[in-house]
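Please open the structure in your viewer and keep the selection panel at hand. The stops below are given in the order in which they may be selected.

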Amino acid sequence: MKNFLDIYNRLTNLPCGNYLFSKGVGIVAPFFGKIRPNVIELKSSLCVVRMRDRWSVRNHLGTINAGAMCTLAELTAGMALDATISAHLRWIPKKMTVEYLAKGKGTLEAVCSFDKNIIQEGDIILPVKIKNSRNKEIFTAEITFYISTKKHNE
(Lines give C-alpha, C1' and ligand atoms only; values in the text may rest on other atoms or scores of the structure.)
Protein backbone atom coordinates (compact mmCIF):
# COMPACT_ATOMS: atom_id res chain seq x y z
CA MET A 1 0.00 0.00 0.00
CA LYS A 2 1.23 3.49 -0.80
CA ASN A 3 1.82 5.83 2.09
CA PHE A 4 -0.41 8.81 2.82
CA LEU A 5 2.01 11.27 1.21
CA ASP A 6 1.91 9.51 -2.18
CA ILE A 7 -1.88 9.48 -2.14
CA TYR A 8 -2.07 13.10 -0.93
CA ASN A 9 0.26 14.31 -3.68
CA ARG A 10 -1.72 12.46 -6.33
CA LEU A 11 -5.16 13.60 -5.15
CA THR A 12 -4.39 17.23 -4.38
CA ASN A 13 -3.57 17.83 -8.04
CA LEU A 14 -7.21 17.02 -8.89
CA PRO A 15 -10.24 19.27 -8.48
CA CYS A 16 -11.63 18.70 -4.96
CA GLY A 17 -8.61 16.48 -4.30
CA ASN A 18 -7.98 17.87 -0.84
CA TYR A 19 -11.59 17.17 0.10
CA LEU A 20 -11.38 13.63 -1.30
CA PHE A 21 -8.14 12.93 0.58
CA SER A 22 -9.55 14.26 3.85
CA LYS A 23 -12.71 12.14 3.47
CA GLY A 24 -10.56 9.13 2.59
CA VAL A 25 -8.68 9.43 5.87
CA GLY A 26 -11.95 8.71 7.67
CA ILE A 27 -12.62 5.70 5.46
CA VAL A 28 -9.18 4.15 5.99
CA ALA A 29 -9.24 4.93 9.74
CA PRO A 30 -12.93 5.31 10.70
CA PHE A 31 -12.28 6.66 14.19
CA PHE A 32 -10.51 9.73 12.74
CA GLY A 33 -13.49 10.32 10.45
CA LYS A 34 -15.57 11.23 13.50
CA ILE A 35 -13.75 14.57 13.82
CA ARG A 36 -14.11 15.28 10.06
CA PRO A 37 -10.50 16.30 9.53
CA ASN A 38 -9.50 18.71 6.77
CA VAL A 39 -5.89 18.04 5.79
CA ILE A 40 -4.45 21.41 4.78
CA GLU A 41 -0.84 20.43 4.16
CA LEU A 42 1.15 17.22 4.17
CA LYS A 43 4.80 16.78 3.36
CA SER A 44 7.83 15.12 4.87
CA SER A 45 8.05 16.05 8.58
CA LEU A 46 5.02 18.38 8.43
CA CYS A 47 1.26 17.99 8.65
CA VAL A 48 -1.44 20.61 9.17
CA VAL A 49 -5.03 19.51 9.85
CA ARG A 50 -8.12 21.58 10.69
CA MET A 51 -11.21 20.54 12.59
CA ARG A 52 -14.41 22.58 12.64
CA ASP A 53 -16.29 23.26 15.85
CA ARG A 54 -19.48 21.18 15.56
CA TRP A 55 -22.05 19.85 18.00
CA SER A 56 -20.68 16.30 17.68
CA VAL A 57 -17.19 17.28 18.97
CA ARG A 58 -18.40 19.43 21.88
CA ASN A 59 -18.57 18.60 25.56
CA HIS A 60 -21.26 19.49 28.11
CA LEU A 61 -19.75 22.99 28.47
CA GLY A 62 -20.21 23.78 24.79
CA THR A 63 -16.48 23.71 24.01
CA ILE A 64 -14.52 21.22 21.94
CA ASN A 65 -14.04 17.97 23.83
CA ALA A 66 -10.57 17.07 25.09
CA GLY A 67 -10.82 13.68 23.39
CA ALA A 68 -11.53 15.31 20.03
CA MET A 69 -8.42 17.47 20.41
CA CYS A 70 -6.36 14.38 21.32
CA THR A 71 -7.72 12.61 18.23
CA LEU A 72 -6.81 15.62 16.08
CA ALA A 73 -3.29 15.66 17.55
CA GLU A 74 -2.75 11.91 17.03
CA LEU A 75 -3.96 12.08 13.43
CA THR A 76 -1.77 15.08 12.63
CA ALA A 77 1.40 13.58 14.13
CA GLY A 78 0.74 10.15 12.64
CA MET A 79 0.33 11.54 9.15
CA ALA A 80 3.46 13.71 9.47
CA LEU A 81 5.41 10.63 10.59
CA ASP A 82 3.94 8.43 7.86
CA ALA A 83 4.95 11.03 5.26
CA THR A 84 8.53 10.94 6.55
CA ILE A 85 9.58 7.37 7.34
CA SER A 86 11.06 4.91 4.86
CA ALA A 87 8.82 2.29 3.27
CA HIS A 88 10.52 -0.53 5.23
CA LEU A 89 9.42 0.99 8.57
CA ARG A 90 6.13 1.00 10.45
CA TRP A 91 4.92 3.03 13.40
CA ILE A 92 2.38 2.96 16.20
CA PRO A 93 1.52 5.58 18.83
CA LYS A 94 2.66 4.51 22.29
CA LYS A 95 2.08 7.43 24.64
CA MET A 96 0.63 10.95 24.60
CA THR A 97 1.23 13.77 27.06
CA VAL A 98 -1.08 16.74 26.62
CA GLU A 99 -1.58 20.19 28.06
CA TYR A 100 -4.82 22.10 27.77
CA LEU A 101 -4.02 25.82 27.69
CA ALA A 102 -7.46 27.28 26.89
CA LYS A 103 -10.97 26.21 25.94
CA GLY A 104 -11.37 24.94 22.39
CA LYS A 105 -13.85 26.99 20.37
CA GLY A 106 -14.17 27.64 16.67
CA THR A 107 -12.13 25.98 13.95
CA LEU A 108 -8.96 24.45 15.34
CA GLU A 109 -5.70 23.93 13.44
CA ALA A 110 -3.20 21.28 14.49
CA VAL A 111 0.42 21.39 13.33
CA CYS A 112 3.08 18.74 13.68
CA SER A 113 6.51 19.77 12.46
CA PHE A 114 9.79 18.07 13.33
CA ASP A 115 13.36 17.46 12.20
CA LYS A 116 13.30 14.31 10.06
CA ASN A 117 16.78 13.39 11.34
CA ILE A 118 15.16 12.14 14.57
CA ILE A 119 13.65 9.17 12.70
CA GLN A 120 15.14 5.92 13.98
CA GLU A 121 13.87 2.57 15.14
CA GLY A 122 12.57 2.67 18.69
CA ASP A 123 10.76 5.50 20.45
CA ILE A 124 10.59 9.03 19.08
CA ILE A 125 8.56 11.97 20.39
CA LEU A 126 6.67 14.28 18.04
CA PRO A 127 5.21 17.66 19.08
CA VAL A 128 1.75 18.88 18.12
CA LYS A 129 0.35 22.36 18.67
CA ILE A 130 -3.30 23.26 18.26
CA LYS A 131 -4.39 26.86 17.76
CA ASN A 132 -7.83 28.41 17.51
CA SER A 133 -9.04 30.67 14.71
CA ARG A 134 -7.52 33.70 16.49
CA ASN A 135 -4.11 31.96 16.28
CA LYS A 136 -4.03 31.41 20.06
CA GLU A 137 -2.34 28.19 21.16
CA ILE A 138 -4.89 26.21 23.18
CA PHE A 139 -3.42 22.69 23.32
CA THR A 140 -0.04 21.00 23.07
CA ALA A 141 0.88 17.35 22.86
CA GLU A 142 3.99 15.25 22.83
CA ILE A 143 3.28 11.90 21.24
CA THR A 144 5.66 8.98 21.59
CA PHE A 145 5.69 6.71 18.55
CA TYR A 146 7.35 3.32 18.37
CA ILE A 147 9.06 2.73 15.03
CA SER A 148 10.14 -0.73 13.87
CA THR A 149 10.99 -2.63 10.70
CA LYS A 150 8.03 -4.09 8.84
CA LYS A 151 7.69 -7.85 8.83
CA HIS A 152 8.09 -9.52 5.43
CA ASN A 153 4.35 -10.20 5.05
CA GLU A 154 3.30 -6.55 5.59
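**Helix H4 and Gly 78.** The tour of this predicted model begins at Gly 78, a residue of helix H4. Its relative accessible area is 2%, and Gly 78 therefore counts as buried. Display the residues around it: apart from neighbours within four places in sequence, Gly 78 is in contact with Trp 91 and Phe 145. For a sense of scale, select Thr 97 as well; the C-alpha atoms of Gly 78 and Thr 97 are 15 Å apart, while 19 residues separate the two in sequence.

**The largest nonpolar core.** Next, select Leu 42, Met 79, Val 128 and Ile 130. The largest nonpolar core has 41 residues, and these four touch the most other members. At least two residues of this core come from each of the helices H1 (4-11), H2 (17-28) and H4 (66-82), and likewise from each of the strands S1 (38-43), S2 (46-51), S4 (108-113), S5 (122-131) and S6 (137-149). Which element supplies the largest share of this core? H4 does, with ten residues. As background, nonpolar side chains tend to be buried together in soluble globular proteins.

Now centre the view on Ile 130. With residues up to four places away in sequence left out, Ile 130 touches Met 69, Leu 72, Ala 73, Leu 108, Glu 109, Ala 110, Lys 136, Glu 137, Ile 138 and Phe 139.

**Ser 148 in strand S6.** Move to strand S6 and select Ser 148. Is this residue buried or exposed? Ser 148 counts as buried because its relative accessibility is 11%, below the 20% cut-off. Beyond its neighbours within four places in sequence, Ser 148 contacts His 88, Leu 89, Arg 90 and Glu 121.

**The cysteines.** Colour the cysteine sulfur atoms. A disulfide requires two such atoms within 2.5 Å, and by this rule the count is zero. Cys 47 is in no disulfide, and the nearest cysteine sulfur to its own, that of Cys 112, is 7.5 Å away. Cys 112 is likewise in no disulfide, its nearest cysteine sulfur being that of Cys 47, at 7.5 Å. Cys 47 has 0% relative accessibility and so counts as buried; Cys 112, also at 0%, counts as buried too.

**Two positive phi angles.** Most residues other than glycine have a negative phi. Select Cys 16, in the loop between H1 and H2: although not a glycine, Cys 16 has a positive phi of about 65°. Cys 16 is exposed, with a relative accessible area of 59%. Then select Ser 45, in the loop between S1 and S2. Ser 45 is also a residue other than glycine with a positive phi, near 65°, but Ser 45 is buried, at a relative accessible area of 12%.

**The second largest pocket.** Finally, show Ser 22, Arg 36, Pro 37, Asn 38 and Arg 50. Among the 13 residues that line the second largest pocket, these lie nearest its centre. The pocket holds about 270 Å³ of space. H2 and S2 each supply at least two residues of the lining, and H2 gives the most, with five residues. What is the make-up of the lining in nonpolar, polar and charged residues? Six are polar, four are charged and three are nonpolar.

How values were computed
Residues numbered from 1 in each chain as written. Predicted model: local features only at pLDDT ≥ 70, side-chain atom pairs only at ≥ 80, totals over all residues. Heavy atoms only, no water. Buried < 20%, exposed > 50% of the residue type's maximum accessible area, 1.4 Å probe, protein only. Core = buried A, V, L, I, M, F, W, Y, C linked by side-chain atoms within 4.5 Å. Helix = DSSP H or I, 4+ residues; strand = E, 2+ residues; numbered from the N terminus. Contact = heavy atoms within 4.5 Å. 1 Å grid on protein atoms, 1.4 Å probe; cavity = no way out; pocket = protein on both sides within 12 Å on 5 of 7 lines; lining within 4 Å. Points joined across faces, edges and corners; volume = space filled by probe spheres on them. Nonpolar A, V, L, I, M, F, W, Y, C, P; charged D, E, K, R; others polar.
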